[in-house]
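Please have a look at the sequence and the structure first.

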Amino acid sequence: QVQLVESGGGLVQPGGSLRLSCAASGFTLDYYSIGWFRQAPGKEREGVLCISISGRSSYLIDSVKGRFSISKDNAKNTVYLQMNSLKPEDTAIYYCARGRVCAQGMGTDYWGQGTQVTVSS
């Protein structure tokens with residue numbers, strides 16, 4: 001069955017870095033886009049970045065431009081979210097999701113369980 005499993009979250013100081021992983025199973029990244037989303041306490045879930053079948057990435061919010069990047073390893077069927085220069089406002093549960101396209105309104109159908117990222121001194 002289709003599964004997405006996130007890992008790599010944790011507690012980091014402001015200015016630090018983390019790399020999240022999204023391991024996919026039950027399908028291949030050759031045929032689907034993957035997006036990273038986040039939800040902070042008391043806020044709505046928002047898209048962060050996505051990566052297309054061809055490996056093209058798109059930012060879904062402006063606040064992470066220049067700090068976050070996305071990549072994938074098709075051989076490992078895994079997508080990565082590299083987060084640098086982290087800020088307290090990046091604190092959230094981060095989810096990956098499968099989508100039809102890499103764009104606003106990805107048409108997501110499967111989600112991972114999420115991984116907590118906390119940025120605090």
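Phe 37, Tyr 95 and Trp 111 come together in one aromatic cluster, where two rings of Phe, Tyr or Trp (its six-membered ring) are taken as a pair if their centres lie within 6.5 Å, and where planes under 30 degrees apart count as stacked, over 60 as edge-to-face and the rest as tilted. This is a predicted model, in which local features need pLDDT of at least 70 and side-chain atom pairs count only at pLDDT 80 or more, while totals for chains, interfaces and linings use all residues. Residues are numbered from 1 along each chain as its sequence is written, and side-chain values use heavy atoms, with hydrogens and water left out.

A search of the whole structure gives three aromatic pairs. One of them is the tilted pair of Phe 37 and Trp 111, with 4.7 Å centre to centre and 50° between the planes. This pair links distant parts of the chain, since Phe 37 belongs to strand 4 (residues 33-39) and Trp 111 to strand 10 (residues 110-111), 74 residues apart; strands here are DSSP runs of E with at least two residues, numbered from the N terminus.

Are these two residues buried or exposed? Phe 37 counts as buried because its relative accessibility is 11%, and Trp 111, at 28%, counts as partly exposed, the terms being buried under 20% relative accessible area, exposed over 50% and partly exposed in between, with a 1.4 Å probe and protein chains only.

Tyr 95 and Trp 111 form an edge-to-face pair, at 6.4 Å centre to centre and 75° between the planes. Here, too, distant parts of the chain are linked, with Tyr 95 in strand 9 (residues 92-99) and Trp 111 in strand 10, 16 residues apart. Tyr 95 has 17% relative accessibility and therefore counts as buried.

Let me turn to a charge over rings, which requires NZ of Lys or CZ of Arg within 6 Å of the ring centre and within 35 degrees of the ring normal. The charged end of Arg 98 sits over the ring of Phe 27, 4.8 Å from its centre, and also over the ring of Tyr 32, 3.8 Å from that ring's centre.

Finally, the backbone. Asn 77, a residue other than glycine, has a positive phi near 55°; it lies in the loop between strand 7 (68-73) and strand 8 (78-83), and its relative accessible area of 13% makes it buried. Ser 85, also not a glycine, has a positive phi near 50° and is found in the loop between strand 8 and strand 9, where Ser 85 is partly exposed at 40%.

Key: Helix = DSSP H or I, 4+ residues; strand = E, 2+ residues; numbered from the N terminus.
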